[in-house]
Amino acid sequence: MNKVIKISGMHCQGCVGLIRMELADGGLEEKIKDVRLVGDMLGEVELQNASAEELAQAEKIINKIEGYHTI
Amino acid sequence: MKKNNSKQVELFVEGMHCASCEILIEKKLLKNKGIKAVDASLGNGKVTMLMDKDINIEIDEINRQFKTDEYTFSKTPRSKKEEPFIKVRNGSLKVNKRKAAFYSKAILIALVFLAGFFFIEHFQLGQYISVDNNSTLGAFFLLGIVAAVSSCAALVGGLLLSMAKSWHEQYITEESISIRARPHIMFHIGRLISFTILGGVLGTLGGLITLDNPVIYSGLVFFVSLIMALLGLQMLGVSWANKIKLSAPKSLLGFATDDNNFKGKYMPFSIGAMTFFLPCGFTLIAQAMALASGDFVRGSLIMTAFALGTLPALSAISYSSLKFTTKPHLTAKFNVFAGLIVLFFVAYNINGQLNVLGLPSLNDINLNIESSQNQESMVVQNGDEQTISFIAQGFEYIPTNGTTFKAGVPTKFVVENKGIAGCGAYLAATGLVNGYLQLKPGLNEVEIANPRAGTYKVTCTMGMVPPVIIKII
């Protein structure tokens, strides 16, 4: 089942690349289905087949990056 | 990794828009074997890498790594010349929005910092601290604390801030904060040791020397300010400033500049030690007290206490420069902030010294407004002699019998000290009075045999006491 995390602070392709890289470095590379911009200062991470723990880990990783937070 | 096994490679980058792009590029490039450090700069559109000397990274490989991120790397700038921050086109002002966004936060923080500096200056904290021959070491310590958040901050603090950039670049490969802090620590140790030893020397010399040559001291401030200005412009990325490399002449400094020993060991120590000779007004007061003590130990303790008082504020400058350069993407912003502060301090120091030398300065704007509002001035004569009279109180010199006098008439320069404090205790009236006039409590008199026609400024040794213009006609 896919899960989507909304992220405030994303505004460019650099942000997309950075978040994707941080999640991959955190061991979640295979769980990333997509990272995308969806609006003004708003983006999403879509995870596939992620457990509750993996979802929590992804949120933790994203919230640690300066300038972004999950909503 | 020792620096001589590394090489620095700089590439131009297209496609960056924000700090996240900087972080992404830095982190991704660091994953390449052999790359030790990376600094991406949105403002300059460049990335600087420190890597093993025997590594050759192909640009095509880098571009392949970043293809999905839509960045393009090249050895030469591919896009048209970098747009300036502000320009005039077709009669209207155009602001580079990208640069404005990048610099806005740093500029705002710099403005807040300067507002805080002026706020503290407004209270003229120096007037609350008076020292004399009988003051305790605690009083000199307090004097140091006040000095470090006042005029000395502009001189010594500004110098320290401007050196931070080159020290950071020297240790860019080091992750350990203790190693990166080494030049800062050596600076502060050098300063403390020199103040201790040279304070004792002053005490020993006693009345053999005097510290009262405004021209020499002003020259020193101008020289140091020139170096600070260059470093400040380099921090702001001004291209012509970056082409000028500062290096101490080896013949002059010998061992301290030997390349084998240079790295973080002796140059910062020497610079810290040499701050003893920077003529911050408060430092001059402490030095005069050390001189007057006539004793090595007392002189040494006075200057040590003073230097210790300045240590917290100067350490805060070191700490902030280290903290904000731990992350590459913060370095560029810190450089903008620090560059603006340094340039302001340069202007502040130079303006003060222009007052000391009696030359036109920014203070004249205020003085011209005041004098146009108060046209009355008196030429006072008492037979064949005239008297220029002041009251020194708080943090100002108050003329009591006018500001216009006759040339060629034997003149008494009289200052009644009714509680002037801080660096105001050392009055400068270059051209009228030789050297500095140390104001003792009560009446202080100096004979001026043949005052020449001209305009003179009466202020303190740092030019901080609001100058009073005296006209000799």
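This is a predicted model: local features need pLDDT of at least 70, side-chain atom pairs count only at pLDDT 80 or more; totals for chains, interfaces and linings use all residues.
Visitor: How far does helix α8 of chain B reach from its first C-alpha to its last?
Guide: The helix has 22 residues, and at 1.5 Å a residue the expected span is 32 Å. The value in the model is close to that, at 31 Å.

Visitor: Which residue in the turn between β2(A) and β3(A) has a positive phi?
Guide: Residues 32-39 form β2 and residues 42-48 form β3 in chain A, and the two strands pair in the antiparallel sense over six bridges. Within this pairing, L37(A) stands opposite G43(A). The two strands form a hairpin with two residues between them, and the one in the turn with a positive phi, about 55 degrees, is M41(A).

Visitor: What share of the 71 residues in chain A is buried?
Guide: To count as buried, a residue needs 20 or more other C-beta atoms within 10 Å of its own. In chain A, the share of residues that are buried is 27%.

Visitor: How many residues are charged on the side of chain B that touches chain A?
Guide: Twelve residues of chain B are in contact with nine residues of chain A. On chain B's side, six are nonpolar and two are polar, while the number charged is four.

Notes: Residues are numbered from 1 along each chain as its sequence is written. Chains are lettered from A and ligands numbered from 1 in the order in which they are written. Two residues are in contact if their C-beta atoms, placed from the backbone, lie within 7 Å. Ala, Val, Leu, Ile, Met, Phe, Trp, Tyr, Cys and Pro count as nonpolar, Asp, Glu, Lys and Arg as charged, and the others, Gly among them, as polar. Two strands pair if DSSP finds at least two bridges between them. Helices (H or I, at least four residues) and strands (E, at least two) are DSSP runs, numbered from the N terminus. The expected span of a helix is 1.5 Å times one less than its number of residues. A residue is buried if 20 or more other C-beta atoms lie within 10 Å of its own, exposed if 12 or fewer, and partly exposed in between; C-beta atoms are placed from the backbone.
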